[in-house]
Amino acid sequence: MSRIVSGLRRQPVILLAGLVLVVVLVGGVVSRGTAVAQDQPLDYSHQTHIAAGMDCLFCHSSATRSQIAGVPSVQKCMGCHETITPESESMQTLQGYWERQEPIPWERVNKQPDFVYFSHQPHVNSGLACENCHGDVSSMDQAQKSVEMDMGWCLDCHAQQDEAIAPHLWDCVVCHQ
Ligand code: HEC
Ligand code: HEC
Ligand code: HEC
Ligand code: HEC
Ligand code: HEC
C-alpha cells in the first residue's frame, strides 16, 4: 500500500520534471533560432561592403595567422571613407571617431569563456570558410550569432575530421589548456 502511495506521489514530480525539460528544450530552440542583433556604436553593414566586392580577410586579416580574426581600425575605414562619404548618420559618427582618434567600441558578438582555447589560424588554414561557423555574413548588416558555439558544436565538427586527427581533436587539453 505504502508503495502504491509513494508511486502515485512521485507521478506529479515526474510530470513536473518532464514539463521543466520541455520548457528548457523549447526555450533553447527559440533562443537559438532568434538572432538578436547587438547594440553597436554605428550601423555598419556587412551586406553593403561585401556587395561592393570586399573579401572577409581584407578586414579580418589576422584570421590566417593568429588566434583572433580582428576588427579593422578606423584608419582602414577612412582609407575609403575620406572620399566615399554617403550622407548617413552613421557616416558622421564614423568621422567623429576619426577626428577624436578613438577606436570604435564594437560589442563582441561571439565570445568563448576564458577557460576555452580557440584559434582562428588552424581552422582558416585548414580550408574552412568563415561561413561554416559564422553563417551567411554577406546577407547581414551587423554581424549576428548564427549558432550557439558550445562544446557539442566544436566536438561534432572535430569528430567529422580525418581519422588520423579526429581523436586528437577530442582531447580535452586541445580546448582546455
Ligand atoms: C569593410 C570591412 C569588413 C569586411 C569586408 C568584413 N567585415 Fe566582418 N566586421 C567588420 C566590422 C567593423 C565588425 C564589427 C561590427 C559588427 O559586429 O558587425 C565586424 C564583425 C564581424 C563578426 C563578428 C565579430 C564578433 O564580435 O564576434 C564576424 C563573425 C564577421 N565580422 C565576419 C565577417 C565575414 C565572414 C566576412 C566576409 C563574408 C566579413 N566579416 C567581412 C568589418 C568587416
Ligand atoms: C571553426 C569555426 C570558425 C571559423 C572557420 C571562423 N571563425 Fe570566427 N569565431 C569563431 C569562434 C568560436 C569565435 C569566438 C572566439 C573567442 O571568443 O575566443 C569567433 C570569433 C570571431 C570574431 C571576433 C573575435 C576575433 O577573433 O576577432 C571575428 C571578427 C571572426 N570570428 C571572424 C571570422 C572570419 C572573418 C572568418 C573567416 C576568415 C572566421 N571568423 C572563421 C569560430 C570560427
Ligand atoms: C574599400 C573601401 C571601403 C572600406 C575600407 C570601408 N567602406 Fe564603408 N562603404 C564603402 C562603400 C563603397 C559604401 C557604399 C557607398 C554608398 O552607399 O554609396 C560604404 C558604405 C558605408 C556606410 C553607409 C552605409 C552602410 O553600409 O551603413 C557606412 C556607415 C560605412 N560604410 C562604414 C564603414 C566602416 C565603419 C568601415 C570600417 C570598418 C568601412 N565602412 C570601410 C566602402 C568602404
Ligand atoms: C566546422 C568544423 C569545426 C568547428 C565547428 C570547430 N573546429 Fe576546431 N578544428 C577543425 C579543423 C578542421 C581543425 C584543423 C585540423 C588539422 O590541423 O588538420 C581544427 C583544429 C582545432 C584546434 C587546433 C588543434 C591542434 O592541436 O592543432 C583547436 C584548438 C580547435 N580546433 C578548437 C576548437 C574549438 C574550441 C571549437 C569550438 C568553439 C572548434 N574548434 C570548432 C574544425 C572545426
Ligand atoms: C573541441 C573543443 C573542446 C574539447 C576537445 C573539449 N571541450 Fe570542454 N568545452 C568546450 C567549449 C567551447 C566549452 C564552453 C561552452 C560550453 O559550455 O559548452 C566547454 C566547456 C566545458 C566545461 C564547462 C561546462 C559548463 O557547463 O560550464 C567542462 C567541465 C568541460 N568543457 C570539460 C571538458 C572535458 C573533460 C573534455 C575532454 C573529455 C573537454 N571538455 C573537451 C570545448 C571543448
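Q: How does the shell around ligand 1 split by class?
A: It has 13 nonpolar, eight polar and one charged residues. Ala, Val, Leu, Ile, Met, Phe, Trp, Tyr, Cys and Pro count as nonpolar, Asp, Glu, Lys and Arg as charged, and the others, Gly among them, as polar.

Q: What kind of model is this, and how is it numbered?
A: It is a predicted model, where local features need pLDDT of at least 70, side-chain atom pairs count only at pLDDT 80 or more, and totals for chains, interfaces and linings use all residues. Residues are numbered from 1 along each chain as its sequence is written, while chains are lettered from A and ligands numbered from 1 in the order in which they are written.

Q: Back to ligand 1. Which residues come nearest?
A: Cys56, Cys59, Val109, Cys130 and Ala143, out of 22 around ligand 1. A residue is near a molecule or strand if its C-beta atom, placed from the backbone, lies within 6 Å of it.

Q: Which helices supply at least two residues there?
A: Helix 2 (46-51), helix 3 (56-59) and helix 7 (130-134). Helices (H or I, at least four residues) and strands (E, at least two) are DSSP runs, numbered from the N terminus.

Q: And ligand 4, which residues are closest?
A: Phe118, Ser126, Cys154, Cys157 and Cys175, among 21 that surround ligand 4. Helix 6 (120-125), helix 7, helix 8 and helix 10 each give two or more residues to that shell.

Q: How many charged residues are in the ligand 4 shell?
A: None; 14 are nonpolar and seven polar.

Q: What about ligand 5, which element gives the largest share?
A: Helix 8, with four residues. The shell around ligand 5 has nine nonpolar, three polar and two charged residues.
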